[in-house]
Structure formats: structure tokens, C-alpha cells
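Please look at the sequence and the model before following it.

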Amino acid sequence: FNYNAEQGPQITLKHMQIEENVPETSVNPRLELSGSATKYGAQINDIAYTDLYSSLRGNSDITVNITDNILSSAGIQMNLRDDISDEALLIDASVSNPDNVELTADNVFNSLYVNAMIEASHFSLNRFMSIRNDNNELTASLYLSGTLEHPYATATIDKMSFLLNDEIVSSSGSLILEERDLTLNDFILKGAIWKFSDVSGNLSLSDYKGTFSAMFSTEGDKNVIMPLNLTIEDSYVPQGSLIPENLTAKLSCPDLHGSLFKKPLSFDVFLNYSKDFISFYTSENIGAYGNFSQADGLYASISMGDILSTEITGSFTKGSSFVKLSNVYVNLKSLLKNVTLDDMIIIEQGILKGSVTLYNPEDTPDFKGAFSISNPVVQLPTLFTQRVSTEKILITAVNNEFTVADAVYNLKNTPKFKMSARLSMNKWS
């Protein structure tokens, strides 16, 4: 280290190592640096970041220009790469103060101009995820220009993949921010047999009004195709706030179809948000309405004519959360009449009734309740050539188990066999 009045500080850093030594962490990050610095900036000849998932190594230059004790510009260039895993991080960013004004909290958002590029390749997401997998990675780029008050930014996800519920989910797309307008282009989220595609739309961050559209679909012999349209309007954003105090949203599906359905369906869902209170209702063919607040919890009612009805209550208070379905009524024949499952099951009659409560829904399954199906008559073409019937099917739920009570089943009105069943659920995913 040297210092004189004319040249200022001159620093040579031969080697510095910073390591987090916390037994609870599974990442074990370590940073090593060597380089030099003057009053004009710093040059890092060798920079290495190492953790459990990669070892990034490269160099970096940092420049700072100060004129008359005022920051006029600053910049950073950094290039890091792991030659084994191909993980890479590239940063090229600069800020400038073209009017050479003294920066204050009042003018910094309008006086500083930013140009930045950040590119990440095969970046491991295992650093942030509880379930590790080699497919948890991100390749993306971010470009930013303009002032902080009037920015223009483009974020592009070339590929992001992660493990979710024992399947690999991947996504891609781009997001553009121009001043206070947000635009989403060609976003895709895809699993093994399902996909959200053609996700696009725009949202004004000034008044929180916008529209989005997407297509949900599944693959297989019994596929589902569901176009979705979302409209957000009637929003109110208080002065000085970034979050709306209230808004109205409408989610529409104009044509739910696919080989799973005998004829297409449509539905609408309407949502009203006001501070900490949410109310919602649906089109008449769904027949649902309800509300939710942190103080009062969840209440919902569904009444689809003679097909299905139930009431749903719930609370999401930490440590005592629950969701309860009460007065459940399902006409199984009517419920399945529009789906193409006739090659597997045909329900000629059967009414399901009961109630069930799910405790701590975010944790391991914990149920309590019971259902009954009265006078069920079904056809199972792949198993029997004759109808299967019984007087009643009783289903009980205790802790993580669903039990179907022992009952005698008839084939063409003649008792033929006795059967019971038990289903255990260990975890949600």
C-alpha cells in the first residue's frame, strides 16, 4: 500500500480469501481475489468463486471517475467461467452522470444513466432450491439502459429448468420493461405431459391495467386444450405507492376442449381485490363465489345445479392452518357425462356426500372426514362385462390415510365379491 497527495492510494492485493464457514449451509461459498487499485479504479487480475456446485474463475476491471468531488462515471467488466460445467457469468455495466451534478436522493434516479449487460450460462439453481438436481439451471440475459426513473430493460430466459414433483419443468421467454410498461413475450412453461404456451401480454405499472393470454394443454389420448385470457382493470394506486390498493381481474376460458371432452365448455372467473380483502365469483355454469382475508380466512361456495355443490372454509394462520370441504354433494353420473372415459368407466348412478378437513395443507397430508356413495352402479369395460353395484361405499379419512370400508359388490345384481382398500399419502411432493 502506497499513498501520496498527487497519485492518491496505490494498492496491490496479492491474495485475499473470503469463505463462509456456517455448518448449516449446503453451498459453502468461497471468494478469492488478487489485483491492484488506484483512485481511478481497480483491476482484479484473478477472481475465483467456488461453491459446492461450480468453480468460476476469471478477471474483472472496475473504473471510477470523479471530477471536482462529483461522480462522473463508473463501470465494471467481469468475465467468469467454469471450464468443466460450462457455467459462465458475464457482466459489463456502467453508470454516467453527463450533467456532472452533485447526486442527492432527490435527483439520483433522473441524473444517473445506466448501461448494463448481464449474461448467465448454465447457472446452477441448486444454490436456491431445497431439492437438488443436475437439471436445475438457468441460461438468461439482462440488458438495461436509460435512467432509473425511465428505464428500458429486456430480460430473456433462453432456458430455465428445475425439478418439481419428480418431473423436470422447463421454461423460456422474454420480458421487456419500458418506462412503466411491462411486456411479456412468448413465455413457455412445460412439464412432462402439460404445457403453458404462448403466454404474452402487457401490464402498466403506473395504473396496473393490462391484458394477458395463454394456452394450457396436456398430451396423451385424453388431452385438454384450454385457452386463457386475463384482464386487469379498475385499479387504484395511491400516490407514492408501488402497489395497487384495489383492482379487478377477469380470467376467461372461451373454449375448453380436447379429446377428454365430448363437447367444449367455457367459464369466467372474476376477482376483486381491495387492500387485504379478496372476493371472487364465477360464471353461472360454475356457480362459485367467495372471499378471503388474512383476518377472516377463506370462505367459498360452489353450486353447479344437480352436478356438484359444497362449501369451503379455511384459515392459513401459521401453525393452525386448515381447509375444510363441508356438505359435499356430487352426482357422479352428471359430473362425468361430458368426459370421454366410457372406455374405462361408465357411472350409471351414484351420489357422493360427506365432509373432509385438511390440516396444515402446506405440510404433510393430514385429513379427517368421511364420504359415502349411495347405490353406485358402474360399468368397468376393461374388467367386467356386467354392471358392478353395491348398496353403499363408505370412505373415511384419518391422518394421511383414506380407507374404503369392506363391502359386498354385485355383478348383474348377484353378490360376487367383497372388497376394501386403503390409500396412504406420505408427502405432497
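**Reading the model step by step**

A: The protein exposes about 25,800 Å², and carbon and sulfur atoms supply 55% of that area; accessible areas come from the Shrake-Rupley method with a 1.4 Å probe, and for residues only the protein chains shown count as cover. This is a predicted model, in which local features need pLDDT of at least 70 and side-chain atom pairs count only at pLDDT 80 or more, while totals for chains, interfaces and linings use all residues. Residues are numbered from 1 along each chain as its sequence is written, and side-chain values use heavy atoms, with hydrogens and water left out.

Q: How many helices and strands does the protein have, and is it spread out or compact?

A: Helices (H or I, at least four residues) and strands (E, at least two) are DSSP runs numbered from the N terminus, and the protein has two helices and 28 strands. Its radius of gyration is 30 Å, well over the 22 Å that the globule rule gives for 429 residues, so the protein is more spread out than a compact globule; the radius is taken over C-alpha atoms, and the rule is 2.2 Å times the number of residues to the power 0.38. Along the principal axes, the C-alpha trace spans about 105 × 45 × 40 Å.

Q: What percentage of the residues count as buried, and which residues touch the most other members of the largest nonpolar core?

A: In soluble globular proteins, nonpolar side chains tend to be buried together. Buried means under 20% relative accessible area, exposed over 50%, and partly exposed in between (1.4 Å probe, protein chains only); here 33% of the 429 residues count as buried. A nonpolar core is a set of buried Ala, Val, Leu, Ile, Met, Phe, Trp, Tyr and Cys residues joined through side-chain atoms within 4.5 Å, and in the largest one, which has 20 residues, V330, L332, L352, F367, F371, I373 and I395 touch the most other members. Two or more residues of this core come from each of β22 (322-331), β23 (346-359), β24 (367-379), β26 (392-399) and β27 (401-411). A second, separate core has 14 residues, among them C253, L256, F261 and L341.

Q: Are E87 and R127 buried or exposed, and why does their salt bridge tie together separate parts of the sequence?

A: The side chains of E87 and R127 meet in a salt bridge (3.1 Å, N to O). E87 lies in the loop between β6 (70-81) and β7 (88-96), and R127 in the loop between β8 (113-124) and β9 (137-147), so the pair ties together parts that are 40 residues apart in sequence. Both residues, E87 and R127, are buried, and salt bridges that share partners join D51, E87 and R127 into one network.

Technical notes
A salt bridge is a side-chain nitrogen of Lys or Arg within 4 Å of a carboxyl oxygen of Asp or Glu.
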